[in-house]
Amino acid sequence: QVQLVESGGGLVQPGGSLRLSCAASGFFSIAVMAWYRQAPGKQRELVASITSSSSTNYADSVKGRFTISEDNAENTVYLQMNTLKPEDTAVYYCNVRARRLRYSAILDYWGQGTQVTVSS
């Protein structure tokens, strides 16, 4: 049974920091782990991603402020968010692109989402 368990969201003041975590389990292999976010009335957007070879990619809006990292041994991905702004307020979703079984297709799997609110 595949599972993505997110944690770390909450309320923070502008300029503050938060760290999101997502632990993945039940997968045969993982190709990419990523964080997306969706603000009210807006489409879901990619925030950052990291491949199995540790290649990273960031949305322009978070470059220099957010850092994605992973613990391959624990199949856990982290998003360190610094210098948070009110426009970072959104529900953040963990995404894994992975094979559930050795010969299954690579599919996208999503966490339940965690709310991040940046407000004074």
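Predicted model: local features only at pLDDT ≥ 70, side-chain atom pairs only at ≥ 80, totals over all residues.
How much accessible surface does the chain have, and what share of that belongs to carbon and sulfur atoms? I looked this up before anything else. The accessible surface comes to about 6,500 Å², and carbon and sulfur atoms hold 46% of it.

**Entry: the whole chain**

I went through the secondary structure next. I count 11 strands and 0 helices. Reading along the sequence, I get β-β-β-β-β-β-β-β-β-β-β. The radius of gyration is 14 Å, close to the 14 Å the globule rule gives for 120 residues, so the chain is as compact as a globular protein of that length. I also checked the box around the C-alpha atoms: along the principal axes they fill roughly 50 × 25 × 20 Å.

Of the 120 residues in the chain, 39% are buried. Taking contacts with a separation of 6 or more, I find that 54% join residues 24 or more positions apart.

The chain has 11 positive and 9 negative ones, and their mean positions lie 4 Å apart.

**Entry: Arg 65**

Where does Arg 65 sit in the order of strands? I find it in the loop between strand 6 (56-58) and strand 7 (66-71). Is Arg 65 buried or exposed? Its relative accessible area is 10%, and the cut-off for buried is under 20%, so I put Arg 65 down as buried.

I then went after its partners. The side chain of Arg 65 makes a polar contact with the side chain of Asp 88, at 2.8 Å. Asp 88 also turns up in the contact list of Arg 65, once neighbours within four places in sequence are left aside. The rest of that list reads Gln 80, Met 81, Asn 82, Thr 83, Leu 84 and Lys 85.

**Entry: Gly 26**

Another loop residue, this one between strand 3 (18-25) and strand 4 (29-38).

Which residues does Gly 26 touch, leaving aside neighbours within four places in sequence? I get Gln 1, Val 2 and Arg 100. I also checked a distance from Gly 26 to Asp 108, which is 82 residues away along the chain. Their C-alpha atoms are separated by 14 Å.

Conventions
Residues numbered from 1 in each chain as written. Heavy atoms only, no water. Helix = DSSP H or I, 4+ residues; strand = E, 2+ residues; numbered from the N terminus. Buried < 20%, exposed > 50% of the residue type's maximum accessible area, 1.4 Å probe, protein only. Polar contact = N/O pair within 3.5 Å; in protein donor to acceptor, adjacent residues only side chain to side chain. Contact = heavy atoms within 4.5 Å. Rg over C-alpha atoms; globule rule 2.2 N^0.38 Å. Areas by Shrake-Rupley, 256 points an atom, 1.4 Å probe, with all protein chains shown as cover. Lys, Arg positive; Asp, Glu negative; His and termini not counted. Charge placed at Lys NZ, Arg CZ, Asp CG, Glu CD.
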